Amino acid sequence: MPQLTWLGHGCWIIKTEKQTALLDPFLDDSPTAPCKAAEIYNIDVILVSHGHFDHVADLISIAKRTKAVVVANFEICEWASKQGVERTEPMNLGGGINLPLGRVTLTPAVHSSVLPDGTYGGSAGGFVIEADGKTIYFACDTALSADMQLLSSRKIDLAVLPIGDRYTMGPDDSLEAIRMIIPSRVAPAHYNTWPPIAQDAAVWAARVRAETSAEPVVVEPGGVIEV
Ligand code: NI
Ligand code: MN
């Protein structure tokens, strides 16, 4: 069964039976990360949702050192290649690829995407990962979108949604998203990294229980979720 470890903000380790992935590497400059980029090893894949610094800050250093394959949209893969990253799997919205990790689909996100040096970052996305008989949805940075109701047919076992507000959807819209996606369980992300995106996850979890059919799963940075 897949095992997720939250590394704070939008950064996760996703361990499946065959491979381990790192999503949106942001560690050394993250106030809530439980480890540094240099402590990340034994990863096979790096998933990148979009080009903002709080999702790619440690991408190049970790990709070069671990030789993990970078899975992202075409623009982010080109940017990584130009900086010496050897292995990439470019994709675009709606496309999926089969990796030993599992099947990875790039889903639409309603957000912007520019890389730290100003390079155009393509469309922001999220990921659906199907592995070990489970389906996980990482919305990553996004607004609430009616497209999310299409995910209800995917029978999502765990949805990871942003709740920080300001730069992404906040708690109210996350509840609406849950009612469209209808996941079995839901975990919050992209909150409490800095004061402008502070949220009370316990209050959010109580509302998820009261107002949706999903079970909330809240962990601290460094915490593990068995999917
Ligand atoms: Ni962003
Ligand atoms: Mn972000």
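Start with Lys67, which makes a salt bridge with Glu86, their closest N and O atoms being 3.5 Å apart. (A salt bridge here is a side-chain nitrogen of Lys or Arg within 4 Å of a carboxyl oxygen of Asp or Glu.) Lys67 sits in the loop between α2 (59-66) and β5 (69-73) and Glu86 in the loop between α3 (74-82) and β6 (88-91), so the pair ties together parts 19 residues apart in sequence. Helices (H or I, at least four residues) and strands (E, at least two) are DSSP runs, numbered from the N terminus.

A word on the ground rules: this is a predicted model, where local features need pLDDT of at least 70 and side-chain atom pairs count only at pLDDT 80 or more, while totals for chains, interfaces and linings use all residues. Residues are numbered from 1 along each chain as its sequence is written, chains are lettered from A and ligands numbered from 1 in the order in which they are written, and side-chain values use heavy atoms, with hydrogens and water left out.

| Pair | Closest N and O atoms |
|---|---|
| Glu130 and Arg154 | 3.2 Å |
| Glu211 and Arg207 | 3.0 Å |

Glu130 lies in strand β9 (residues 125-131) and Arg154 in the loop between β10 and β11, so this pair links parts 24 residues apart in sequence. Glu211 and Arg207, on the other hand, both belong to helix α5, 4 residues apart, about one turn of the helix. Asp172 joins Arg207 and Glu211 in a network of salt bridges.

Now for the metal. The manganese ion (ligand 2) is coordinated by Asp54 (OD), His55 (NE2), Asp141 (OD) and His190 (NE2), at 2.1 to 2.2 Å. Donors are N, O and S atoms within 2.8 Å of the metal (3.2 Å for Na, K and Ca), and water is not among the atoms, so sites may look incomplete. The manganese ion and the nickel ion (ligand 1) are 3.1 Å apart, with Asp141 coordinating both.

Is Asp141 buried or exposed? Asp141 is buried, at 2% relative accessible area, and His190 is buried too, at 3%. (Buried means under 20%, exposed over 50%, partly exposed in between, with a 1.4 Å probe and protein chains only.)
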